Amino acid sequence: MAQRQKSHQHKKRFGQNFLNNDRVIQQIVMAIQPQPDQHLVEIGPGEAALTRPLLEVVETLDIIEIDNDLIGPLTQKLGHYPAFNLHHTDALSFDYQQLQKDENDRLRVVGNLPYNISSPLLFHLMQYGDAIIDMHFMLQKEVVERITAEPGSKTYGRLSVMLQYACATEYLFTVGPENFTPPPKVDSAIIRLTPYPTKPHSAQSDSDLANLVRQSFSQKRKTLRNNLKGWLTDEDIEACDIRPSDRAETLSVADFVALSDRYSAKGAS
């Protein structure tokens, strides 16, 4: 196992755990399969374990990094690559659409995402689905399991529904703690998210869907009848071929879209 020497002071507030295993890095690059003419975006390059092999292939790589102490070293090490474009900013508030060179330029996003911001960052990126071809992320294994969970499983929840509504999700492989410096206390995993050009089930209102899904899972042990009280009646729920006594974790994405459309129609009437 090839190891890399680290000199950066890792910061808990940024959730920094940097890859140190060349074999795993190569496995991730192979999963991404970057092509020279593609426009890649890397979130949180850390000490550039994944950045360098990407820069050696692609013609454009936009890099998003918030840590002041990494900007200088990254520029010094990698600034000579023609593809290198470093943005010193917060990935959670960044406008990814501004990276597009024109309306036909679509992005491929990659990154080893900090555990403490992974879910809000994923929801932020969903706003730019039309601008993104796919995303490959290293996340906490538990988060990847939640995203890819099937209805009825213990890990199925709001994150599962909303990301599966917007993207095809694929659990690629697991990465153990020993492959990071410092080693985290949990396993990580690589996921591929591919935004749908045309959603299999498209809601009348994405905002209504997001709000209804959040409300449906607000108290997981309660039934839809209880969680959606004031939103939908028993008759509304039954009109969607769903039982009011069901719990949110048993419903498919299509079921939530049906409930959302019913809610949207009531609001419009």
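**Figure 1. The loop residue Asp 241 in the predicted model.** Asp 241 is exposed, because its relative accessible area is 75%. This view, like those that follow, is taken from a predicted model. Asp 241 sits in the loop that runs between helix H9 (234-239) and helix H10 (253-268). Its phi angle is near 60 degrees, a positive value in a residue that is not glycine. Most residues other than glycine have a negative phi.

**Figure 2. Gln 33, another residue with a positive phi.** Phi of Gln 33 is near 50 degrees, and the residue is not a glycine. Gln 33 belongs to the loop between helix H1 (22-32) and strand E2 (39-43). With a relative accessibility of 54%, Gln 33 counts as exposed.

**Figure 3. The cis peptide bond between Thr 181 and Pro 182.** The bond from Thr 181 to Pro 182 has an omega near -15 degrees and is cis. Most peptide bonds are trans. Pro 182 is placed in the loop between strand E8 (180-181) and strand E9 (188-195).

**Figure 4. The whole chain, shown for orientation.** The chain contains 10 helices and nine strands. Its radius of gyration is 20 Å, close to the 18 Å that the globule rule gives for 269 residues, so the chain is as compact as a globular protein of that length. Taken along the principal axes, the box filled by the C-alpha atoms is roughly 65 × 40 × 30 Å. Of the 269 residues, 51% count as buried. Among contacts between residues at least 6 apart in sequence, 62% join residues at least 24 apart.

**Figure 5. Helix H6 and its buried residues.** Eight of the nine residues of H6 are buried, so this helix is largely enclosed by the rest of the structure. The buried residues are Leu 159, Ser 160, Val 161, Met 162, Leu 163, Gln 164, Tyr 165 and Ala 166. The next two views show contacts of H6 with H4 and with H7.

**Figure 6. The crossing of helices H4 and H6.** The axes of H4 (residues 118-125) and H6 (residues 158-166) come within 11 Å and cross at roughly 25 degrees. That angle makes H4 roughly parallel to H6, because angles under 35 degrees count as roughly parallel. H4 passes H6 in a left-handed crossing. On the H4 side the contact is made by Ser 119, Leu 122 and Phe 123, and on the H6 side by Arg 158, Leu 159, Met 162 and Leu 163. These residues of the contact between H4 and H6 divide into five nonpolar, one polar and one charged.

**Figure 7. The crossing of helices H6 and H7.** The axes of H6 and H7 (residues 206-216) come within 9 Å and cross at roughly 160 degrees. H6 and H7 are therefore roughly antiparallel to each other, because angles over 145 degrees count as roughly antiparallel. Their crossing is right-handed. H6 contributes Arg 158, Val 161, Met 162 and Tyr 165 to the contact, and H7 contributes Asp 206, Leu 209, Ala 210, Val 213 and Arg 214. The residues of the contact of H6 with H7 comprise six nonpolar, no polar and three charged. Arg 158 and Met 162 of H6 are part of this contact and also of the contact with H4.

Figure 8. Leaving aside neighbours within four places in sequence, Leu 55 is in contact with Leu 61, Leu 78, Tyr 81, Ala 83 and Phe 84. Pro 34 is 21 residues from Leu 55 in sequence, and their C-alpha atoms are 9.8 Å apart in space.

Figure 9. Not counting residues up to four places away in sequence, Gln 140 touches Tyr 115, Val 186, Asp 187, Ser 188 and Ala 189.

Technical notes. Residues are numbered from 1 along each chain as its sequence is written. This is a predicted model: local features need pLDDT of at least 70, side-chain atom pairs count only at pLDDT 80 or more; totals for chains, interfaces and linings use all residues. Side-chain values use heavy atoms; hydrogens and water are left out. Axes are lines fitted to C-alpha atoms, for helices over the stretch in contact, and angles run from 0 to 180 degrees between N-to-C directions. Helices (H or I, at least four residues) and strands (E, at least two) are DSSP runs, numbered from the N terminus. Angles under 35 degrees count as roughly parallel, over 145 as roughly antiparallel, 65 to 115 as roughly perpendicular and the rest as oblique. A crossing is left-handed if the near helix is turned anticlockwise from the far one by less than a right angle, and right-handed if clockwise. Contact means heavy atoms within 4.5 Å. Ala, Val, Leu, Ile, Met, Phe, Trp, Tyr, Cys and Pro count as nonpolar, Asp, Glu, Lys and Arg as charged, and the others, Gly among them, as polar. The radius of gyration is taken over C-alpha atoms; the globule rule is 2.2 Å times the number of residues to the power 0.38. Buried means under 20% relative accessible area, exposed over 50%, partly exposed in between (1.4 Å probe, protein chains only).
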